[in-house]
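Subject: Structure for you to look at

Hello,

Here is the structure I said I would pass on. Please open it beside this email and follow along.

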Amino acid sequence: YGINKAANPDVDFGTLTPQKATDIYKSRYWDAIGGDSLPPELAHVAFDTAVIAGPGRAKKIMMAANGDPSKFLDLRSSLAVVFPR
């Protein structure tokens with residue numbers, strides 16, 4: 001289901017179901033970046049970044065982008081060496 005084992009060592013992947021994966025994505029990534037309170041354009045790219053690089057990194061980029069999704073993507077692109085897609 002795309003859940004990173006290294007980033008989620010407490011997850012029992014032998015019993016992971018689609019619903020459990022959804023719950024993990026929501027609680028550990030979406031909620032961690034405040035996804036419900038973000039404009040949809042920013043929420044999408046911030047969530048993707050949180051999954052790839054962690055919610056902490058996504059929040060730092062959001063702060064630096066000052067809510068601008070285009071600037072967020074530019075900043076994220078400049079970090080591509082750190083976490084390639």
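Arg 28 forms a salt bridge with Asp 10, and their closest N and O atoms are 2.6 Å apart. A salt bridge here is a side-chain nitrogen of Lys or Arg within 4 Å of a carboxyl oxygen of Asp or Glu. This pair links distant parts of the chain: Arg 28 is in helix H1 (residues 18-30), while Asp 10 is in the segment before H1, 18 residues apart. Helices (H or I, at least four residues) and strands (E, at least two) are DSSP runs, numbered from the N terminus.

Before the rest, a note on the source. This is a predicted model, in which local features need pLDDT of at least 70 and side-chain atom pairs count only at pLDDT 80 or more, while totals for chains, interfaces and linings use all residues. Residues are numbered from 1 along each chain as its sequence is written, and side-chain values use heavy atoms, with hydrogens and water left out.

Buried means under 20% relative accessible area, exposed over 50%, and partly exposed in between (1.4 Å probe, protein chains only).

How many salt bridges are there by this rule? The count comes to 3. Another one joins Lys 26 to Asp 31, with the closest N and O atoms 2.7 Å apart. Lys 26 is partly exposed at 40% relative accessibility, and Asp 31 is partly exposed at 38%.

Asp 48 also forms a salt bridge, with Arg 76, at 2.6 Å between the closest N and O atoms. Asp 48 lies in helix H2 (residues 40-53) and Arg 76 in helix H4 (residues 69-78), so this pair ties together parts that are 28 residues apart in sequence. Asp 48 is partly exposed, with a relative accessible area of 22%; Arg 76 is buried, at 14%.

Now the chain as a whole. Its secondary structure comes to 4 helices and 0 strands. The radius of gyration is 13 Å, close to the 12 Å that the globule rule gives for 85 residues, so the chain is as compact as a globular protein of that length. That radius is taken over C-alpha atoms, and the globule rule is 2.2 Å times the number of residues to the power 0.38. Buried residues make up 29% of the 85 residues.

Regards
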